[in-house]
Amino acid sequence: MSYLQVQGLAKRYPGKGGDSCVFEGVDFAVEKGEFACIIGHSGCGKTTILNILAGLDAASAGVVLMDNREVAGPSLDRGVVFQGHALMPWLSVLRNVAFAVRSRWPDWSRVQVQAHSQKFIDMVGLAGAEHKKPAELSGGMKQRVGIARAFAIQPKMLLLDEPFGALDALTRGNIQDELVRICAATHQTVFMITHDVDEALLLADRILLMSNGPGARIAEIVDNPLPKPRERQQVHHQPHYYRTRNHLVDFLVNRSKTYQLEEYRHEARRRRRH
Amino acid sequence: MRLRFLAGVLSLLFLGIVVGAWHLATLPKAGVAAADSEYAKLLGAQAAVGARSAFPTPADLGRKLAEHVREPFYDRGPNDKGIGVQLAYSVARVLLGFLLAALVAVPCGFVIGMSPLVYRALDPFIQVLKPISPLAWMPLALFTLKDSNVSAIFVIFICSIWPMLINTAFGVASVRREWLNVACTLEVSPLRKALAVILPAAAPTIMTGMRISIGIAWLVIVAAEMLVGGTGIGYFVWNEWNNLSIANILSGILAIGLVGMLLDFMFSRLQKAVTYTE
C-alpha cells in the first residue's frame with residue numbers, strides 16, 4: 001500500500017444551470033520518502049487538491065488515505081508551506097517557528113521549544129535573523145521561514161503550494177538547493193505544486209501532470225528518470241534531461257487540452273459557437 | 001529638523017496674532033468720561049479707568065490660570081473645588097465607563113466578528129442604537145439607576161461601546177484567511193487561536209475603535225456633568241457660568257482641551273505598540 005493514496009477525488013461547485021466541476025476522477029499515490037510534484041495550468045484545481053490533502057478544504061467525492069487512515073481535517077501530521085508565506089507579521093522569525101513547535105509539543109519547556117525552533121532556523125540558513133520581524137525580511141527569507149516552520153513540526157508529509165512562485169530566479173535556485181539537501185537528509189515525503197518544469201525535474205521523483213480545467217484530471221504520471229542526487233548545476237547535463245523536459249513542456253503546451261473531459265470539451269465548443 | 005523649527009515659529013506667530021487681537025478687543029475703552037466730578041466720585045474706580053468689558057483680557061486669564069496651577073486641588077465645599085479635583089472626577093468617570101464598555105464590547109465584538117450568523121442577527125439593533133445621542137439615555141438612566149453619578153458613568157459606557165464593538169467585529173472578521181489556515185493545520189485550540197492569532201491580528205483595528213471611543217467619551221462627559229451637576233469639569237464650567245466668571249470658564253475650556261489631547265496621545269501610543277507592518 002502506498003503511503004498517501006488519493007482515489008476518485010472530485011471538486012464541484014454548485015452554480016446556475018448545473019454544477020461546475022473543477023476536477024474529477026483524480027487518482028494518484030505517493031510513496032513514503034518520495035517527492036511528488038504536480039504541474040498544470042492555472043485553474044485546474046492544483047491548490048484545491050493540496051488544500052484537500054491538508055484538510056482545509058473538503059472534496060465533493062473521493063477519499064484521501066494517509067498511512068491507511070482517512071484524511072478528514074487538518075492535522076499536525078501534514079505540514080503546509082503556503083503560497084504567500086503566511087507568517088504572522090507581529091511575531092519575530094523565532095516566535096513564528098516556535099508557535100508551530102509549541103502547537104506540536106505543548107508539554108515542552110520554553111528552552112526546549114526555543115532550541116528546537118533555532119535548529120530549523122539554522123537549517124534554512126537564517127541564523128542571525130531570528131529576532132527580525134517578517135516585514136524586515138526579503139521575499140526569499142520569508143519563504144525560508146515558512147519552510148522552517150513546516151519542517152520544525154516534523155510532519156509525516158509536507159505540502160508545498162508553489163513556494164517559490166514569487167521569488168526571483170537566483171533566490172529560487174538557492175532555496176531549491178537547500179530543499180534538495182534537507183529532503184535528502186530527512187527523507188521527507190513531499191507533495192508540491194509548481195509551474196516550473198525545471199524545478200519539477202530537479203526536485204521531484206514523480207511528476208503528476210494535470211489537464212486543463214474545468215473537468216481536469218491527472219493525465220499522466222511521469223517517473224523522473226534522472227538519478228539522485230540531483231544537483232542544479234549538473235542536472236541539465238544528464239542524458240535524459242532534455243527528452244523528459246520536452247515531454248513535460250509538450251504536455252503543458254499541447255496535450256493538456258486534449259485530456260479535458262469529453263463533455264467539457266463539447267460544452268466549450270458549444271460556447272464558442274454562440 | 002528645519003521644518004519642525006519653522007512650524008514651531010509659525011505656531012507661536014499664530015498664537016501671538018490671536019492673543020494680540022484678543023488683547024486689543026478687550027482693552028478698556030477710554031473716552032466715555034463721566035459728566036461731572038461729583039458723578040465721577042459716585043461711580044468710583046469704574047469712571048477713572050473707563051468702561052471695562054466683562055470679557056477678561058489675556059492678562060486676566062493668565063492670572064487666573066496661574067492661580068489654578070498654583071493650587072489645583074483645593075476643596076472648599078461643594079461649589080468651590082480646584083480645577084484639578086474637578087478634572088480628576090471627570091477622568092475617573094470616563095475611564096470607569098470606558099473600561100466597562102471595553103469589557104463588554106471586545107468579547108461581544110469577537111463573537112460578532114467570528115460568526116456571520118450573530119453578526120446578521122445583531123446588526124439591526126446596533127444600527128438603531130448606535131446613532132442615539134448618549135445624552136438621550138440620561139433620563140432613563142436617572143430613573144432606573146437612581147443615582148446621578150452612576151448615570152453619568154452609564155452614559156459614558158453607552159457612548160464608548162459602539163466604536164469598540166464595531167471595530168472589534170470588523171477587525172476579527174477581516175483576519176487574513178491564511179493565518180487562520182496556519183492555526184488550523186497546526187491543530188491550535190480555539191482559545192489559543194483567539195488569543196494568539198485573532199487578537200494580535202485584530203489589535204490595531206480594536207485599538208482604533210478604543211481611540212475613537214475615548215475621544216467621544218471625553219466629549220460626552222462635559223455635557224453629562226453639566227446635566228447631573230455636583231462634580232466634574234463639565235459642572236465646573238456650568239457653575240462658573242452661573243458665577244459669570246468668564247476667566248474661569250476659559251480656564252475650564254482650556255483644561256478640557258489639554259486633558260482630551262493627553263487621552264488621545266495615550267491611546268495613539270497604545271495603538272502604535274500593537275500595530276504591525278505586513
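**View 1. Two domains in chain B.** The domain assignment, which is automatic or taken from a database, divides chain B into domain 1 (1-53) and domain 2 (56-274). Between the C-alpha centres of domain 1 of chain B and domain 2 of chain B there are 38 Å. Please keep in mind that this is a predicted model, in which local features need pLDDT of at least 70 and side-chain atom pairs count only at pLDDT 80 or more, while totals for chains, interfaces and linings use all residues. Residues are numbered from 1 along each chain as its sequence is written, and chains are lettered from A and ligands numbered from 1 in the order in which they are written.

**View 2. The helices and dimensions of chain B.** The C-alpha trace of chain B spans about 95 × 60 × 35 Å along its principal axes.

**View 3. Helix 5 and helix 10 of chain B cross.** The axes of helix 5 (residues 83-114) of chain B and helix 10 (residues 190-228) of chain B come within 9 Å and cross at roughly 145° (axes are lines fitted to C-alpha atoms over the stretch in contact, and angles run from 0 to 180 degrees between N-to-C directions). Residues making the contact include Gly97(B), Phe98(B) and Ala101(B) from helix 5 of chain B, and Met210(B), Ile214(B) and Trp218(B) from helix 10 of chain B. Contact here is C-beta atoms, placed from the backbone, within 7 Å. By class, the residues of this contact are 13 nonpolar, three polar and two charged.

**View 4. Where chain A touches chain B.** Look here for 17 residues of chain A in contact with 15 residues of chain B. On the chain A side, strand 6 (78-81) and helix 2 (93-104) each supply at least two residues. Helix 2 of chain A gives the most, with three residues. This side of chain A has 13 nonpolar, three polar and one charged residues.

Definitions and conventions
Contact = placed C-beta atoms within 7 Å. Helix = DSSP H or I, 4+ residues; strand = E, 2+ residues; numbered from the N terminus. Nonpolar A, V, L, I, M, F, W, Y, C, P; charged D, E, K, R; others polar.
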